[in-house]
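Subject: Structure for your review

Dear colleague,

Please read them alongside the coordinates.

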Amino acid sequence: MKRAIHIGLIGHKFMGKAHSHALRDLAMFFDPGVQPVMQTLCGLGDDLEETARRYGWLSTTSRWQDVVADPAIDAVSILTPGRLHCEMALAAAANGKHILCEKPLALDAAEAARMYAAAEAAGIRHMVNFNYRRVPAVALARQWIEEGRLGRIFHIRCSYQQDWPLDPETPFVWRFDKSVAGAGSMADKGSHVVDLARYLVGEFAEVAAATEIFVKQRKEDGVQREVTTDDAAVFTARFHNGALGLFLTSRMAAGHKNRLAVEVNGSKGSLRWDLERLNELEVYTAGDGSAAGFRNVMVTEASHPYAGAWWPPGHVLGWEHTFVHQYYEFLKSIAEQRQPAPSFLDGLRNHEVLDAVAQAAVEKRWIEVPRARGAEA
Ligand code: SOE
């Protein structure tokens, strides 16, 4: 009989659905060494009870404080807007709960450092849901880069584009408010591109950046309210290993619903991947003579990361499967009593880069990416 890990999920909307789905699917395909139990779903709204019943949760509460204090709960997933992450994580850590937190980890590096320090002091497992690391093709790209197939890495180009608030009449939501979200496209999407760059290339050394709010005011209940988060950000970077990076994040890129794309170029070859074709990894290796050119690898073979646990080759996966893989890694780390990746330290390193990007945009100059105090690891 496997040890049961009782989970409390804070947030029952979009992310609540993605996480609930992952927890339901997990045991059919993976064995993390412990048995997840969908204990408590926490959220605000009249649809909570019905949602919990449909998704398979045993109980509900509208008070997150009850989740982090419940002795029956072993692990807490935090899926709320960024403003609440720190307070919730500190309380969960103080009660010895393992934590999986949505990205970006906090509002800034100072908060992230507090969360990391508290989680380490409590001896819990802590993880940030940078789910795109868990796309089989992205994990394979990392494997190939680590094996040296691309040689020395020269550059990375990564963009994350959406267009959901393109219409200026799109009503004001929390993502437009800096005090709730931390930043706009730069935090929401930028945290993903920074994570992919750290995962595939290495640590950022310095950045230069520009940000823009294209629609300055949006209506909330018929009243115009000032937008305080960026609609788009562009930044360039130099990495500690000498590589260069070019990044774009935007929520105003017409036609792009959820397009994350990355290309890495090295001395021996290149890789490129795009979320809109997430099962495919394009690879170019120099030295193929007259047959040289990009090849398209379908990342659905049993030998590919995660893919073998699912279907026969060619039976493709989707966006939701990345959450299954993330829970597999999180629960396995609990079973094996070791820290998972990406941990709160990765969340902190991510914020150090984002803070530097924000500063570079304001000061219009290159900014070194600092190391926050209290996180020397
Ligand atoms: C909204 O932009 C959002 O849901 C992000 O918050 C997620 O991290 C991304 O994966 C999809 O888009």
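The largest cavity is lined by Val138, Ala141, Ile145, Leu200, Val262, Val264, Leu271, Arg272, Trp273 and Leu281, and please bear in mind throughout that this is a predicted model. Its lining comprises 9 nonpolar residues and 1 charged residue, with no polar ones, and at least two lining residues come from each of α6 (136–146), β13 (259–266) and β14 (269–274). The volume of this largest cavity is about 60 Å³.

Searching the whole structure gives 2 cavities of 30 Å³ or more. The second largest cavity holds about 30 Å³ of space, and its lining, which includes Thr300, Trp310, Trp311, His315 and Leu317, divides into 6 nonpolar and 3 polar residues, with no charged ones.

Turning to the ligand, the space that it takes is the largest pocket. Around the ligand are Phe14, Lys103, Tyr132, Tyr160, Gln162, Arg175, Asp188, Lys189, His192 and Asn258, a shell of 3 nonpolar, 3 polar and 4 charged residues.

Which distances separate ligand oxygen atoms from side-chain N or O atoms of Tyr132, Asp188 and His192? For Tyr132 the distance is 2.5 Å, for Asp188 it is likewise 2.5 Å, and for His192 it is 2.7 Å. Taken alone, the ligand exposes 310 Å², of which the protein buries 89%.

With best regards

Definitions and conventions: Residues numbered from 1 in each chain as written. Predicted model: local features only at pLDDT ≥ 70, side-chain atom pairs only at ≥ 80, totals over all residues. Heavy atoms only, no water. Near = heavy atom within 4 Å. Polar contact = N/O pair within 3.5 Å; in protein donor to acceptor, adjacent residues only side chain to side chain. Areas by Shrake-Rupley, 256 points an atom, 1.4 Å probe, with all protein chains shown as cover. 1 Å grid on protein atoms, 1.4 Å probe; cavity = no way out; pocket = protein on both sides within 12 Å on 5 of 7 lines; lining within 4 Å. Sits in = over half its atoms within 2 Å of the grid points. Nonpolar A, V, L, I, M, F, W, Y, C, P; charged D, E, K, R; others polar. Points joined across faces, edges and corners; volume = space filled by probe spheres on them. Helix = DSSP H or I, 4+ residues; strand = E, 2+ residues; numbered from the N terminus.
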